[in-house]
Amino acid sequence: MNTAIQAALDHAVQSLQAEGTLPSDWKNTSVLTRTKDRSHGDFASNIAMMGAKVAGMKPRDLAEKILANLPEVADISKAEIAGPGFINFFLNADQRFAVLDRIEAQKDQFGKTQANAAKKIQVEFVSANPTSSLHVGHGRGAAYGMTVANLLEATGAKVDREYYVNDAGRQMDILATSTYLRYLELTGQTLVFPKNAYQGDYVKEIAQSIIDKDGDAYVRPVADVYKDVPEDVQYAAELDADGNKVVLSGDKEKHIDGLIFNAQTLIGAGYRVFLQAALKAILDDIKDDLGEFGVTFNQWFSEESLTEKIDEALQTLDQRGFLYEKDGNIWFKSTEFGDEKDRVVKRRNGQTTYFASDIAYHLNKLQRGYTDIIDIWGSDHHGYIARVKAAIDAMGYDSKKLTVLLVQFVSLWRGGEMVQMSSRSGQFVTLRDLRKEVGNDAARFYYVMRKSEQHIDFDLDLAVSQSKDNAVYYIQYAHARVNRMLSRASEKGVPFNRLQLSSYDKTLLVSETETELLAKLAAYPEIIVRAANVYEPHQIGNYLKELAALFHGWYDDKTHGRILDEQNVLLSQARLLLSVSVQQVLRNGLELLGVSAPESM
């Protein structure tokens, strides 16, 4: 219906432009929204306030001229001016009830549109280093990214979901060397395990799998593995006044780099056995974890496959005059595009940097022909945005195609106390742990119930409670409650046939709450488009909470009579029709969020 109103407003603008009231080049950027107060009609437009300045008149005066030039729209009963110049539109009764027919006809497709049908979008998310299991922070990125992709698809866009597998670089070398050191331990060697190696038990399990397959084929003397390796960092026994560890000696980064070099030298081709075994085991774990969480990808893109693309990207930047050499390193002139400093893309030893891989990966994305590229990163990657966009522009592409969405951290709370987490030590709360404790539904819902850039305090106790304070439970209960209503209708002798919904008398739905429910249902498609276009899944969650609250309140409020009344079958049937429509929209919305819609609770 808002499309018809918008078309009527556009017609009025064209008429006013033709007579000279509005400039011929004026662009109508007004907003048409559903009203919150039913006394203000069904829709409101701020068009008169947007055009008043260029028309050289007061908003209310322009609003009067707009009303005078509005064509007749059959489904609008009246339009009037309110406040400083808003134009409020009132729908006739038939149009208000029409949403029930649309829901009945479209069912699980209700709410979906073709608003973004012209777009081909890539959404890259999670992309955690395959060095350990996913933790709860990764879980938020997974839930958020999947839901954003779902919303964009619901508005007609062609969406590719992609996971960038960081299977090259130093972190993978640290993982491979950590696995090798555990292998040596498990084959009877004694050593001091590095402080910044990967500590988790999963590393031992991977090492044991290599022993089971290859035995002691890769055993080398520990003295050779640690030969000429700089000392690992040593800390003082007590913390300083700020609670920080006091470094006495050593360098943990040079220490692990020395172990990596020695491992590669001592076992040669065998080193890749450890790297690949660790990569496969952890990546398989990540895929299983995400799959169980309802998060899937069209492609798992390997960083290791970018070798030729890195050369192409750096060659392109060089040919366009944006690379230079300094101190033996090759630098990208990112400051020419607004970055705070230039960036190294190739070190003096000939190795390319992580940033060079990022440039190549985005070149690959751009060459695949996407209209929009969406990267979902952790908030700690904020500093990377300017440099990546700089590289895109420097290669001759438009960085406006790239949208970077940052996902803030998650804190877990249980019993009023924060749950502590860490990573390299292996003592972190995994996504799998969280899902086991609260279930997929609560995790998927609460992960997306705030803007991505806002921190989340995840209350584990609330997420498993069966109360109206637990939003996901409250919404699911509304969905299940309709089935209970249908069962009771049968028991009370109130006939209700889903194949005859169009025959029920919708005009009997005249109470204030029923009118609000009808308006709320009609707003659902607009909410999806709005949430998709600004990448805000929480708008869907908030909508579902409001719809469920309206429904529960309507069901529990007996001032309008009982919902099911065997003495008034026609009214009961109409109310059941409204109820199954609410149920359908709740189910549709929960599906977008990746949350189940139980039949009973």
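Start by selecting V126, in the loop between β5 (120-124) and α5 (136-154). Helices here are DSSP runs of H or I with at least four residues, strands are runs of E with at least two, and both are numbered from the N terminus. This is a predicted model, in which local features need pLDDT of at least 70 and side-chain atom pairs count only at pLDDT 80 or more, while totals for chains, interfaces and linings use all residues. Residues are numbered from 1 along each chain as its sequence is written, and side-chain values use heavy atoms, with hydrogens and water left out.

Look at the backbone of V126: phi is positive, about 70°, although V126 is not a glycine. Most residues other than glycine have a negative phi. V126 is buried, with a relative accessible area of 14%; buried means under 20%, exposed over 50%, and partly exposed in between, using a 1.4 Å probe and protein chains only.

Next, hop to D228, in the loop between α8 (222-225) and β7 (234-235). D228 also has a positive phi, near 60°. Is D228 buried or exposed? D228 is exposed, at 73% relative accessible area.

**Salt bridges**

Now show the charged side chains. A salt bridge is a side-chain nitrogen of Lys or Arg within 4 Å of a carboxyl oxygen of Asp or Glu, and the whole structure has 30 of them. Select R170 and E253, whose closest N and O atoms are 2.5 Å apart. This pair links distant parts of the chain, with R170 in helix α6 (residues 170-186) and E253 in helix α9 (residues 252-267), 83 residues apart. R170 is partly exposed at 27%, and E253 is partly exposed at 32%.

Move on to R484 and E491, which meet in a salt bridge at 3.8 Å, N to O. R484 is partly exposed at 47%, whereas E491 is exposed at 58%.

Then pick K492 and E566, another salt bridge, with the closest N and O atoms 3.8 Å apart. K492 lies in the loop between α16 (471-491) and α17 (512-533) and E566 in the loop between α18 (538-556) and α19 (569-593), so this pair ties together parts that are 74 residues apart in sequence.

**A buried aspartate**

Select D375 in strand β13 (residues 372-378). D375 is buried, with a relative accessible area of 0%. Which side chain does the side chain of D375 meet in a polar contact? The partner is K365, at 2.6 Å. A polar contact is a pair of N or O atoms within 3.5 Å; within protein, one must be able to donate a hydrogen and the other to accept it, and residues adjacent in sequence count only if both atoms are side-chain atoms. Leaving out residues up to four places away in sequence, D375 touches E124, H362, K365, L402, T403, V404 and L405, where contact means heavy atoms within 4.5 Å.

**Rings**

Finally, colour the aromatics. Rings of Phe, Tyr and Trp (its six-membered ring) pair if their centres lie within 6.5 Å; planes under 30 degrees apart count as stacked, over 60 as edge-to-face and the rest as tilted. By this rule there are 25 aromatic pairs. One of them is F551 with W554, a tilted pair at 5.9 Å centre to centre and 55° between the planes. F551 and W554 are three residues apart in helix α18, so about one helical turn separates them. F551 is buried at 0%, and W554 is buried at 0%.
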